[in-house]
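Please open the model in your viewer and keep the selection panel at hand. The stops below move from one selection to the next.

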Amino acid sequence: MMKMEKARRIIDAVVEGSLGNGRVRRTVIVGLLLAGSATTALAADPTAGEKIFKAQCGICHAVVAGENRIGPTLFGVVGRPAGGVPSFNYTADHKKLGVTWDAATLDKYLANPRAMVPDTSMVYAGLKEDAKRADLVAYLETLH
């Protein structure tokens with residue numbers, strides 16, 4: 001939030017011309033544009049996430065409603081309470097986790113499943129790369 005407020009103040013100053021000569025204004029504008037480009041480049045990609053899913057998750061999880069495999073279906077996982085697929089036999093820790101899956105909880109879980117659910121039966125060590133995890137979560141968010 002603070003970064004957005006600071007950026008807004010800089011933009012206002014540039015527009016009002018209070019940052020001195022034209023060279024300074026151009027430098028500030030170019031810097032802000034480059035910062036925006038970097039943010040866009042880091043945005044999560046659901047298409048890349050689908051590829052990660054197929055390579056690392058699809059063996060055990062389906063994305064079709066009601067289709068469980070070794071793991072529960074991940075169709076509609078975002079917004080669903082942990083342990084919330086009625087036809088799947090979850091471990092005790094998973095049942096009592098007490099969270100509803102959203103981007104933040106999925107990110108935390110996918111980074112290290114056993115840290116969040118010690119008795120999980122999932123034999124997945126986790127996805128350590130932040131960008132790949134963000135892509136995977138973005139894909140899971142499309143499954144409705």
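Which residues of α7 are buried? Select helix α7 (residues 130–140) and colour by accessibility: the buried residues are R133, D135, L136, V137, A138, Y139 and L140, where buried means under 20% relative accessible area, exposed means over 50% and partly exposed lies in between, with a 1.4 Å probe and protein chains only. These buried residues of α7 pack against α3 and α5.

Before going on, note that this is a predicted model, in which local features need pLDDT of at least 70 and side-chain atom pairs count only at pLDDT 80 or more, whereas totals for chains, interfaces and linings use all residues. Residues are numbered from 1 along each chain as its sequence is written, and side-chain values use heavy atoms, with hydrogens and water left out.

Zoom out to the whole protein chain, which has seven helices and zero strands; helices (H or I, at least four residues) and strands (E, at least two) are DSSP runs, numbered from the N terminus. Of the 144 residues in the protein chain, 32% are buried. The chain exposes about 9100 Å², of which carbon and sulfur atoms supply 62%, the areas coming from the Shrake-Rupley method with a 1.4 Å probe, and for residues only the protein chains shown count as cover. Taking contacts (heavy atoms within 4.5 Å) between residues at least 6 apart in sequence, 38% join residues at least 24 apart.

Next, display the aromatic side chains. The structure holds three aromatic pairs, a pair being rings of Phe, Tyr and Trp (its six-membered ring) with centres within 6.5 Å, counted as stacked if the planes are under 30 degrees apart, edge-to-face if over 60 and tilted for the rest. Select F53 and Y139: their ring centres are 5.6 Å apart and their planes stand at 50 degrees, so this pair is tilted. The pair links distant parts of the chain, with F53 in helix α3 (residues 46–56) and Y139 in helix α7, 86 residues apart. Both F53 and Y139 are buried. Then select W101 and Y109, another tilted pair, with 5.2 Å from centre to centre and 55 degrees between the planes; W101 and Y109 are both buried.

Now show the largest nonpolar core, which has 21 residues; such a core is a set of buried Ala, Val, Leu, Ile, Met, Phe, Trp, Tyr and Cys residues joined through side-chain atoms within 4.5 Å. The residues with the most contacts inside this core are F53, V77, W101, L106, L136 and L140. Helices α3, α5 (103–111) and α7 each supply at least two residues of the core, and α7 gives the most, with four. Centre on L106, which, leaving aside neighbours within four places in sequence, is in contact with V77, V78, W101, V137 and L140.

Stay in helix α5 and select T105, which is buried, with a relative accessible area of 17%. Not counting residues up to four places away in sequence, T105 touches V99, T100 and M116.

For the last stop, select the cysteines C57 and C60. With a disulfide taken as a pair of cysteine sulfur atoms within 2.5 Å, the count comes to zero. C57 is in no disulfide, and the nearest cysteine sulfur, that of C60, is 8.7 Å away. C57 counts as buried at 9% relative accessibility, whereas C60 is partly exposed, with a relative accessible area of 27%.
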